[in-house]
Amino acid sequence: RYLDAGTSGGIWGLERGYCLMIGGDQSSAQRLDPIFAALAPGPGDIPKTPGREGMKSTAELGYLYCGLSGAGHFVKMIHNGIEYGLMQAYAEGFDILRGANSDNLPAGLSYDLNVADIAELWRRGSVVSSWLLDLTATALASDRQLDGYSGFVEDSGEGRWTIQAALEEGVSAEVLSVALYTRFRSRQEHTFAEKILSAMRKGFGGHVERPPAVKMKQGL
């Protein structure tokens with residue numbers, strides 16, 4: 001019998017934690033529960049969610065039996081689809097901030113903003129603070145213009161599968177769809193937003209942009 005176990009945490013999972021999403025035969029999953037419990041990061045210093053007092057679930061320990069075979073990877077797939085949307089929102093927002101000094105703007109409505117400082121500010125108690133924002137702030141601190149990135153953004157497949165699932169279920173997924181299509185477009189023309197995306201992907205997963213020669217060879 002086989003179990004599937006989607007894992008999220010990126011290349012820094014050992015240091016900052018990760019979670020396991022498990023699918024397969026329930027009796028097999030229960031039999032292997034001691035292994036999952038040993039592998040999982042545990043509750044750490046994350047406070048209990050209000051309203052969950054008294055609830056019995058391994059979710060707070062960093063692992064969860066999600067359902068029959070494939071359920072674990074399905075949950076991980078949707079997780080990555082959401083990740084696409086979150087990353088795209090940050091990328092577009094910082095691109096707008098960077099373009100606030102455009103010559104096309106009316107007098108008095110142009111601002112020369114320090115996007116690196118804004119990213120750092122938002123890390124400290126803002127509603128949009130997150131690990132993805134932490135990674136963005138780190139990238140901007142070392143290279144404000146992100147000249148080390150071309151903006152060629154890969155996709156590893158989960159975004160496509162998420163959209164396929166949405167189509168099969170008849171569920172609207174506008175944000176996730178646009179986030180995926182933007183990655184396709186990034187392989188033809190590059191913006192600062194795409195550089196932000198590339199910086200985040202390198203930060204959490206160690207994903208490195210393809211060198212120009214590889215892009216040309218594959219006709220991208």
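Asn-80 is buried, with a relative accessible area of 6%, where buried means under 20% relative accessible area with a 1.4 Å probe and protein chains only. Asn-80 is found in helix 4, residues 71-98, helices being DSSP runs (H or I) of at least four residues and strands DSSP runs (E) of at least two, both numbered from the N terminus. The side chain of Asn-80 is joined to that of Glu-158 by a polar contact of 3.3 Å; a polar contact is a pair of N or O atoms within 3.5 Å, of which, within protein, one must be able to donate a hydrogen and the other to accept it, and residues adjacent in sequence count only if both atoms are side-chain atoms.

This is a predicted model, in which local features need pLDDT of at least 70 and side-chain atom pairs count only at pLDDT 80 or more, while totals for chains, interfaces and linings use all residues. Residues are numbered from 1 along each chain as its sequence is written, and side-chain values use heavy atoms, with hydrogens and water left out.

The protein is divided into domain 1 (3-47 + 56-69) and domain 2 (74-186), with bounds that come from an automatic or database domain assignment. The contact between them, meaning heavy atoms within 4.5 Å, takes eight residues from domain 1 and four from domain 2.

Domain 1 and domain 2 bury about 550 Å² between them, 76% of it on carbon and sulfur atoms; buried area is the accessible area (1.4 Å probe) that two parts lose on being put together, summed over both. Ser-8, Arg-16 and Met-21 supply 58% of the area that domain 1 buries against domain 2, more than any other three residues.

Terms used. Buried < 20%, exposed > 50% of the residue type's maximum accessible area, 1.4 Å probe, protein only.
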